[in-house]
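Student: I am new to this structure and would like to know what stands behind the words used for it. Please set the values against the cut-offs.

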Amino acid sequence: MQDAFFATSKSKKRKRGTGDAPKNKIPRMEKGSKLKKRAADEELDSDRTDEDDNIDDLDLRADDIPESSGDEDIIETPAQKRLRLAKLHLESVKEDLAEGDYDAAEIDRELISARLRQDVLDQSGKVHLFIADSYDLTSPTSTLRCKGHRFSVTSATVSEKLDWLFTAGKEGHIIKWNLKTGKKIATFYKKRPDTKGKGKQKANPLDIEGHSDEVLALAVSSDGQYLVSGGKDRKICIWDPEKDQWVKNFGGHKDLISSLAFRKGTKQLYSGSFDRTVKLYDLAAMGYVETLFGHQDTIVSLDALRGETAVTAGARDRTVRYWKIPEESQLVFRGGGKSAIRDLLEGGAFEGHEDEDEAAHEKNSRKPDDHKKRFVEGSIECVSLIDETNFVSGGDTGTICLWNTSKKKPIYTQAVCHGFHEVESSTEGIIRTPRWITSIASLRYSDIFVSGSWDGEIRIWKLESKLKSFSLAGAVHAPGVVNSLQLLAVPKGGLDAASWTGSSLAPSKNTTVKVTGVESLLLVAGLGQEYRLGRWVSVKEGVTNSAVVIVFSPRT
């Protein structure tokens, strides 16, 4: 038995609300098309070489094809199709850049060229922003702190247009902030359900315009049209952030909703729940699409990028699952150390057995010199995609692992990334246990990612150029439990109107930035006195429940 394999995922399709299941978002739902389900699990080849980077069944196509391209010629060659789609994309770019009173003929060709180059790199699905060395990741330029929640902030996210900040708290409220001024704009309050009625007279939870319990996850669509929230009341609420209004509720999950993510550039929504399932929704049609099964324990983290894929962390089933939506399959990556019993069940020797992969894994693991005990990972707590084939995960032993979809074991492992938590025992003395990774996030398609725990710091990591390892690049002060993290690249002039950034945000004339159009980096963190999914950790001294927005400028 190998540690990573393909598993066919079952799905359920039914209608939700007023919308039907989407017809154009998921290829296998088009009329007349049928995808063959896999009859048996497929093993992931552990002997693949690094040069074998062709993932044939990974869909890296464009997000959306304009409606005008729907009637395609059946005998159209691949070259003709690429040319036609390129022309359509160029026209859409011109329309985007020509908004307002500008004439298309006056649009700068250099601007169009830069936009097209960036779009091509993003569509490739590979890391192409090697910018870690261009920024001083130890000294933030500006910091904004937003305080408004009575209890711990469970999630904080900024819209891609950099106009709003949304925060959610354990008290059940969602607050919308103006990112330019740092002021509160609106609050979506927790609703109290009607418990006076009996039987059929009781109010349907899906009819309540908002949440009736703790809000644990937030997500904003790429175009900023929808804000989505989920929590302990087992429903997903759709909001219109422009009008500050509730739009719709989605039900279906049988336990709390722990994580949400939009597929980048689309209105496809993924939700992860403690009921061990992932559900897909299409907000363009306001309908439910399907349910994905596979995890053997609660899903605590979820992430997605441009491709029709998603990645989830399954807590104590110690797996990260990479879902391939069109193929109805999943890649399973198992974390944690091997035990003697597991080795015996897998055909190994009961004692003293260690294969070459395990030896290499141990060689790449960094252990503290002052603590020789080996901690066995019992839970994978968070996961984040770097690009379409690489991702990082954090576990309950404070370990961060770097993964690639072509390898069944981590490419690189960093142990005890946020130090030890000490507890004094009357019989055992001082007991030291690693702080687990409570949150992790990456700057999409770049060599930078961040991690948080409750040691008072958010740590910033730099990936090696060949994506084989990573190292610590900086840390910023963050008192409390880090419940959520987000990294964004700020385009040139993106925060010019912000009153809290100061004049030092803009780089000097001698600054060399490796990415055209990127002015600074934005780090968003949700902090609290308690862990968002429980009360196992309580850090109250000097801690306020707040969201923090941190700006990093290029080196001068």
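Student: What makes Lys176 count as lying over the face of Trp164?

Tutor: This is a predicted model, and in it Lys176 is placed over the Trp164 face, 4.2 Å from the ring centre. The cut-off for a charge over a ring is within 6 Å of the ring centre and within 35 degrees of the ring normal. The distance of 4.2 Å therefore meets the distance condition.

Student: Which ring does Arg432 lie over?

Tutor: Arg432 lies over the face of Phe420, and the distance to the ring centre is 4.4 Å. That is also within 6 Å.

Student: How many aromatic pairs are there, by a search of the whole structure?

Tutor: The search finds 14 aromatic pairs. One of them joins Phe391 and Trp403, and this pair is stacked.

Student: Why is the pair of Phe391 and Trp403 called stacked?

Tutor: The centres are 6.2 Å apart, and rings pair if their centres lie within 6.5 Å. Phe391 belongs to strand S21 (residues 390–395) and Trp403 to strand S22 (residues 400–404), 12 residues apart.

Student: Are Phe391 and Trp403 buried or exposed, and how do you know?

Tutor: Phe391 has a relative accessible area of 0%, and Trp403 has a relative accessible area of 0%. Buried means under 20%, so both residues are buried.

Student: What kind of aromatic pair do Tyr412 and Phe470 form?

Tutor: Their pair is edge-to-face, because the planes are 80° apart and the cut-off is over 60. The centres are 5.1 Å apart, which is within 6.5 Å. Tyr412 sits in strand S23 (residues 412–414) and Phe470 in strand S29 (residues 470–477), so the pair ties together parts 58 residues apart in sequence. Both Tyr412 and Phe470 are buried. Ring pairs also join Tyr412, Phe449, Trp461 and Phe470 into a cluster.

Student: Which residues have the most contacts inside the largest nonpolar core?

Tutor: They are Val320, Phe333 and Phe391, in a core of 25 residues. At least two residues of this core come from each of strand S17 (309–313), strand S18 (319–324), strand S19 (329–334), strand S20 (380–385) and S22. S20 gives the most, with three residues. Another core, of 23 residues, lies apart from it and includes Leu443, Ile448, Leu521 and Phe552.

Student: Why is strand S13 described as largely enclosed by the rest of the structure?

Tutor: Six of the six residues of S13 (residues 268–273) are buried, so the description holds. Both faces are covered: Gln268, Tyr270 and Gly272 are buried on one side, and Leu269, Ser271 and Ser273 are buried on the other.

Student: How do you know that S12 and S13 pair?

Tutor: Strand S12 (residues 257–262) and S13 share five bridges in the antiparallel sense, and pairing takes at least two, so they pair. Phe262 stands opposite Leu269 in S13. The two strands form a hairpin with five residues between them, and Gly265 in the turn has a positive phi of about 80°.

Student: What joins S13 to strand S14?

Tutor: S13 and S14 (residues 277–282) pair in the antiparallel sense over five bridges. Gly272 stands opposite Val278 in S14. This hairpin has three residues between its strands, and Arg276 in the turn has a positive phi of about 75°.

Terms used:
Residues are numbered from 1 along each chain as its sequence is written. This is a predicted model: local features need pLDDT of at least 70, side-chain atom pairs count only at pLDDT 80 or more; totals for chains, interfaces and linings use all residues. Side-chain values use heavy atoms; hydrogens and water are left out. Rings of Phe, Tyr and Trp (its six-membered ring) pair if their centres lie within 6.5 Å; planes under 30 degrees apart count as stacked, over 60 as edge-to-face and the rest as tilted. Helices (H or I, at least four residues) and strands (E, at least two) are DSSP runs, numbered from the N terminus. Buried means under 20% relative accessible area, exposed over 50%, partly exposed in between (1.4 Å probe, protein chains only). A nonpolar core is a set of buried Ala, Val, Leu, Ile, Met, Phe, Trp, Tyr and Cys residues joined through side-chain atoms within 4.5 Å.
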